[in-house]
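Please look through the sequence and the model below before reading on. The paragraphs that follow go through the structure part by part.

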Amino acid sequence: IVMLHCPLYTTFKTHRHEIFVTEAQAILEPLFVEYTVNFVIAGHVHAYMRTYPVAFSRRNPRGPVHIIQGNGGKAVCEPYHNETAEEWVAVRDQSQYGYGTLELFNSTHAMWKLIKTGHDEGGEFEPNLNLLDEIWVRNQLYVEEMSVNKDWEDNV
């Protein structure tokens, strides 16, 4: 698990070409893939995004899941870069406040959840706390072989 302030991947318009992002992709991303990082969790962008496992700007079962967990505070209203999400984006939301939980169940399995707080960008409160996103992730250190085919997401 790697935690950074700025994300390596973002579906949002802001902060896409900051020097940290471009340098981290060039320098850190190869290390994340080589050393089987499972999660890269960042903030900086005031919104939420989770990727599929991604490496070098493409979906890849050996890449980490990238999470932007920036929707816990300041106004959540980041504009999207494109109306349609990039192919590596699993979930994105710029309208709900929320918080994330990461549960490590054992050496092979973890679960990430994003739970909305009930507040939207207008400050309106909806009292039911709904799950916005949930994913099980297998620790790549213990996955011997993952085939890259249409069913590879079953290994996530």
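In which strand is the place of Arg 59? Arg 59 belongs to strand S4, which covers residues 58-59. The model is a predicted one, and in it Arg 59 is partly exposed, with a relative accessible area of 28%. Along the chain, Arg 59 and Glu 87 are 28 residues apart, and their C-alpha atoms are separated by 7.4 Å.

Read from the N terminus, the order is β-α-β-β-β-β-β-β-β-β. The chain contains 156 residues, and 44% of them count as buried. Among contacts with a separation of 6 or more, 62% are between residues 24 or more positions apart. The accessible surface of the protein is about 8400 Å², and carbon and sulfur atoms supply 53% of it.

Ile 1 sits in the segment before strand S1 (2-3). With a relative accessible area of 54%, Ile 1 is exposed. Together with Met 3 and Leu 104, Ile 1 makes a nonpolar surface patch of about 370 Å².

Next comes the helix. Helix H1 takes in residues 19-34, 16 residues in total. From its first C-alpha to its last, H1 reaches 23 Å, close to the 22 Å expected at 1.5 Å a residue. The helix has a bend of about 45 degrees at Gln 25. Which residues of H1 are buried? They are Val 21, Ala 24, Glu 29 and Phe 32. In general, an α-helix has 3.6 residues a turn, so residues three or four places apart point the same way. The cover over the buried residues of H1 includes S1, strand S2 (39-42) and S3.

After H1 comes Thr 36, with a positive phi near 50 degrees. Thr 36 has this positive phi although it is not a glycine. Its place is the loop between H1 and S2. Is Thr 36 buried or exposed? Thr 36 counts as buried because its relative accessibility is 17%, and the cut-off for buried is under 20%.

Phe 56 is not a glycine either, and has a positive phi of about 55 degrees. Phe 56 is in the loop between S3 and S4. Its relative accessible area is 47%, so Phe 56 is partly exposed.

How many salt bridges does the structure hold? There is one. It is made by the side chains of Asp 133 and Arg 50, at 2.7 Å from N to O. The two partners come from distant parts of the chain, 83 residues apart: Asp 133 is in strand S9 (residues 131-138) and Arg 50 is in strand S3 (residues 48-55). As a general point, side chains of opposite charge can pair when their charged atoms come close.

The surroundings of Arg 50 extend past Asp 133. Leaving aside neighbours within four places in sequence, Arg 50 is in contact with Val 65, His 66, Ile 67, Val 89, Ala 90, Val 91, Trp 112, Asp 133, Glu 134 and Ile 135. One of these residues, Glu 134, is 84 residues from Arg 50 in sequence. In space, Arg 50 and Glu 134 are 9.8 Å apart, C-alpha to C-alpha.

The last stop is a loop. Where does Glu 86 lie? Glu 86 is in the loop between strand S5 (65-69) and strand S6 (89-93). At 15% relative accessibility, Glu 86 counts as buried. Which residues is Glu 86 in contact with, leaving aside its neighbours within four places in sequence? They are Thr 10, Thr 11, Arg 16 and His 81.

Key. Residues numbered from 1 in each chain as written. Predicted model: local features only at pLDDT ≥ 70, side-chain atom pairs only at ≥ 80, totals over all residues. Heavy atoms only, no water. Helix = DSSP H or I, 4+ residues; strand = E, 2+ residues; numbered from the N terminus. Buried < 20%, exposed > 50% of the residue type's maximum accessible area, 1.4 Å probe, protein only. Contact = heavy atoms within 4.5 Å. Areas by Shrake-Rupley, 256 points an atom, 1.4 Å probe, with all protein chains shown as cover. Patch = residues over 30% accessible without salt bridge, like charges linked within 9 Å, V, L, I, M, F, W, Y side chains within 5 Å. Salt bridge = Lys/Arg side-chain N within 4 Å of Asp/Glu carboxyl O. Expected span 1.5 Å × (residues − 1). Bend = angle between axes of the 7 residues up to and from the residue.
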